[in-house]
Each structure stands twice: as C-alpha cells, then as structure tokens.
Amino acid sequence: MRGNSKGKNMKRQRRSFANILTTALAAALSTILTVGAMCGCTADQGENIVFDSTGTDDGPMIPLTFFGYKYEALNVMAIEDALHGFMDVYPHISISYDGIKSPEYFEVLDKRLDTGNGDDIFMVDHEHVLNLGGSGRLADLSGISTLDDFSDLAKSQMTVDGTIHYLPTSISAFGLYCNLDLLKEHGQKVPENLTEFEDVCNYFVSRGITPIVANNDISLKTIVIAKSLLPCYQTQDTVSRLARFNSGETSLAEALRPGFELVQQMLDLGWVDRQEALATTKTKDDLVLFSSGKQPFMLTGAWAVTRLRELDPSFRFEVHPYPVMDDGCVLVINVDTRVSINGDSPHQKEAMEFVEYLTQSEVLWEFVDSQSSFSPLKENRLAEDAAIQPIGPYLTNGRSVIGSDDNLKFPIWDMSRQCIRTMLEGGSADLAVSHMEGLTEAWNNEKQGDDAS
C-alpha cells in the first residue's frame with residue numbers, strides 16, 4: 001500500500017490552502033479543520049469550508065474521519081499534506097481531520113466514544129490505551145506493513161501486551177529552555193548537573209528574578225519523572241523493575257519521592273512561582289512569559305520552539321535536557337502522538353490503509369519535523385531545528401527516561417500531574433507521595449472491579 005510522492009507545485013498549493021485554514025486555528029483554543037476529498041474552495045476567515053465528496057466513477061466515496069489534538073499551523077499543514085497524498089493514492093476515499101487542543105481534546109474524545117460517535121481514526125495517550133485497548137474499543141494494528149520500519153524503542157512500547165493498539169508518529173522530548181543572552185548578561189552558563197542548576201537558580205533568586213517559567217501541566221511532573229526513574233532505565237532489567245510497580249511489590253509513589261522532593265526544593269527556594277504556575281497553560285501562557293526575556297529558563301516540550309519563535313523573542317535560546325542529577329542531565333521522552341483506529345469503525349480496512357500511508361518514512365518525517373521531535377522509525381532522525389540539537393545525544397546515551405512507559409500499568413502522566421497540582425496549591429512532597437499512593441490504589445481497585453465484572 002505504498003504511495004507516490006507529490007510534486008513541489010502541488011505541495012505549495014496545498015500549503016497555501018493550509019495557511020488559509022490555519023489562520024482561524026491559531027486564534028482559537030478549539031478549532032475544527034476539514035480537509036475534503038476531491039476539491040477545495042477558499043473562504044474568508046471564520047467561514048465554513050465545504051468540500052465535494054460525492055463519489056467517483058467507480059462508486060460512492062468512502063468517508064473517514066480523523067480526530068486529534070494537533071491544531072497548530074505547522075502540524076496541520078503536515079497532516080493536510082498526508083491527507084491529500086493519501087487521497088491521491090486512494091481516490092475512492094475521503095478523509096477529514098478535526099484538531100482540538102489538549103487536555104480538552106480527551107474530554108471530547110471520551111464523549112464521542114461513549115455516545116457511539118467515535119471517529120474512525122483518533123489520537124490517544126497512555127491512559128486511553130490502557131482504558132480502551134483491553135475493552136476491544138481499539139482495533140488491532142498488527143497487520144500493518146510498516147511495523148518493521150519502527151525503531152526498537154517504539155516497538156518496546158506499542159507491542160507490550162502482544163496486541164498493537166496504536167502506532168506512534170513521533171518521539172517527543174521535554175527540556176529546559178535556556179535564554180542564552182540573559183545567562184551571558186549575568187555571567188552564568190547553561191547548567192549541566194544539579195549543583196550547577198542550584199547555583200544558577202539561587203543566583204537569579206538573589207537578584208529578585210524567578211528563574212523558571214513552569215506551566216500547570218507538563219513542566220514539574222517531567223522533573224519528577226526524570227529525577228526519580230532514571231535508575232530504572234540505567235539497568236538491564238527496566239521492564240521487570242516497572243513490573244514490580246505494577247504488582248505492588250515496589251511502591252511507585254515512594255519511587256517518585258526524590259522527584260517530588262526536588263520540586264519542593266524548587267518551590268520553597270523560589271525557583272518557580274506557585275501561583276503563576278497554577279495559572280499558566282502549557283505551550284501558550286508559558287511561551288508568552290518566557291518570550292519577554294526576563295527569566296532564564298522554561299520547562300516545556302521541545303515541540304514548542306516554533307511557537308516560541310512566532311512570538312519574536314529578542315534573545316537566543318536553546319533546549320537542553322534536565323540538569324537534575326548529581327552526575328549530569330536527563331532527557332524525558334515519550335513515544336507520542338499515538339494514532340489508533342476505532343474498534344467499532346465500519347471502515348477499518350480503509351482506516352488501516354491511511355495509518356499505513358501516514359507511517360511511511362517520508363510522509364511521517366514531515367509530521368515529525370513539524371513537531372520538533374524525533375522519528376519513531378529506525379532512521380531515528382531528529383528534527384532539524386538548531387535550538388533542539390543539544391537534546392539529540394540523550395536519546396541513545398543511556399540518560400533518557402520514558403515519561404509514560406507502556407510497560408507501566410498506571411497512567412503516570414496524569415497521576416503525576418494531579419500530585420504536582422497539590423504541591424502548587426501549597427502541599428509538600430510528603431503529601432504528593434501520599435496522593436500518588438491513593439491514586440495508584442484507586443486505579444488498581446477500579447481495574448480489579450472491571451475484571452470481576
């Protein structure tokens with residue numbers, strides 16, 4: 001099911017069309033993008049865009065819908081190119097894409113699925129793979145021909161239970177954004193270990209500057225995971241160590257204590273403003289704060305570099321791994337932007353043809369590059385943006401941690417976020433550990449109840 005590449009002129013036309021569509025996308029939190037089958041028409045900003053999908057000479061058009069949490073202009077343009085390329089190869093199939101910013105996306109996804117209105121193809125996270133995969137609501141993708149093209153890292157995640165419920169379309173990274181000009185102005189440098197991180201942050205606090213911009217979602221929970229779980233990933237038995245968390249033989253909450261204690265230190269010493277972080281949304285408010293040039297660091301996803309540049313900061317910046325260990329840094333990654341097929345879709349064959357097309361090397365690379373991420377394929381390419389090059393070596397040097405590992409049967413991504421929120425609201429590391437214990441116990445009890453029924 002391999003397709004031919006599109007010509008440059010066609011691609012420029014489609015990008016121009018995407019620019020029209022994404023003008024409205026950038027202005028709204030939740031936006032619907034529709035890309036149709038056979039032809040397109042332009043419209044003034046805010047108008048609906050309607051496409052003809054009546055069919056072909058061979059019969060009626062088969063419609064597919066694709067729902068995801070990627071709504072940014074560059075991401076949407078890459079998706080649009082994939083949709084059009086797919087429809088060039090399969091002219092009897094039309095496909096439309098809806099993009100909504102997370103975390104609202106997952107609320108809408110759940111409502112659509114629960115009401116029987118789920119899309120044919122949609123993006124999922126670790127928690128939804130755990131919840132939907134075991135109940136037959138995700139199709140088995142083990143027959144897709146591009147599986148052998150994926151890297152060992154990607155395969156170690158998507159094949160955990162023997163049934164492939166999703167295919168990753170990127171490997172995302174989370175890093176420390178560094179304002180190089182502000183650091184130089186103050187005679188400081190990018191920290192390379194915990195001692196240096198402490199020194200530079202305490203220096204800025206002494207000058208009346210809160211050094212770190214943090215958001216209320218991914219910033220501090222990734223610090224917790226980096227600090228706490230690196231030892232698990234530096235052994236030969238990572239899977240068995242994670243399995244002990246699943247069985248309760250080892251307490252996940254206690255394993256995360258060093259990370260929660262580091263976050264408490266960051267909050268108590270004034271490296272992060274609690275109230276500001278509580279009100280700061282990821283890759284939006286945090287970028288505005290950091291772009292002002294008044295703070296040396298920001299904690300967020302590497303995919304935000306393009307959006308940060310769109311704010312036209314007056315300083316040079318780079319993204320580095322987290323300097324949270326005595327002996328160096330840690331990179332938090334995720335096998336990410338996971339694409340699944342609805343187990344109840346009436347068009348599973350056609351949906352699988354699209355997922356297969358999307359995960360071809362050159363088609364996928366445009367999407368990866370638009371997200372400033374790593375490729376999940378064996379080629380292991382890193383997006384070309386110069387600002388994120390410092391994180392590249394950490395994918396293979398033994399100092400990376402998977403933020404939401406599929407071998408872990410808890411939705412640690414969401415649980416750790418909830419625990420961090422208790423700390424931003426004034427709680428201690430002890431309270432965060434206690435909260436995590438309660439969340440993991442409740443999760444186990446719920447799963448046991450599901451199994452019993």
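1. Strands E5 (residues 167-179) and E10 (residues 328-341) run antiparallel and are joined by seven bridges. Strands here are DSSP runs of at least two residues, numbered from the N terminus, and two strands pair if DSSP finds at least two bridges between them. Opposite Ser170 stands Asp336 in E10.

2. This is a predicted model, in which local features need pLDDT of at least 70, side-chain atom pairs count only at pLDDT 80 or more, and totals for chains, interfaces and linings use all residues. Residues are numbered from 1 along each chain as its sequence is written, and side-chain values use heavy atoms, with hydrogens and water left out.

3. E5 is largely enclosed by the rest of the structure, because 13 of its 13 residues are buried (under 20% relative accessible area, 1.4 Å probe, protein chains only).

4. Thr337 lies in E10 and counts as buried because its relative accessibility is 1%. Its side chain makes a polar contact of 2.9 Å with the side chain of Ser170 and one of 3.0 Å with that of Gln371. A polar contact is a pair of N or O atoms within 3.5 Å; within protein, one must be able to donate a hydrogen and the other to accept it, and residues adjacent in sequence count only if both atoms are side-chain atoms.

5. Leaving aside neighbours within four places in sequence, the residues in contact with Thr337 include Tyr69, Met123, Leu167 and Phe367 (heavy atoms within 4.5 Å).

Note on methods. Helices (H or I, at least four residues) and strands (E, at least two) are DSSP runs, numbered from the N terminus. Buried means under 20% relative accessible area, exposed over 50%, partly exposed in between (1.4 Å probe, protein chains only).
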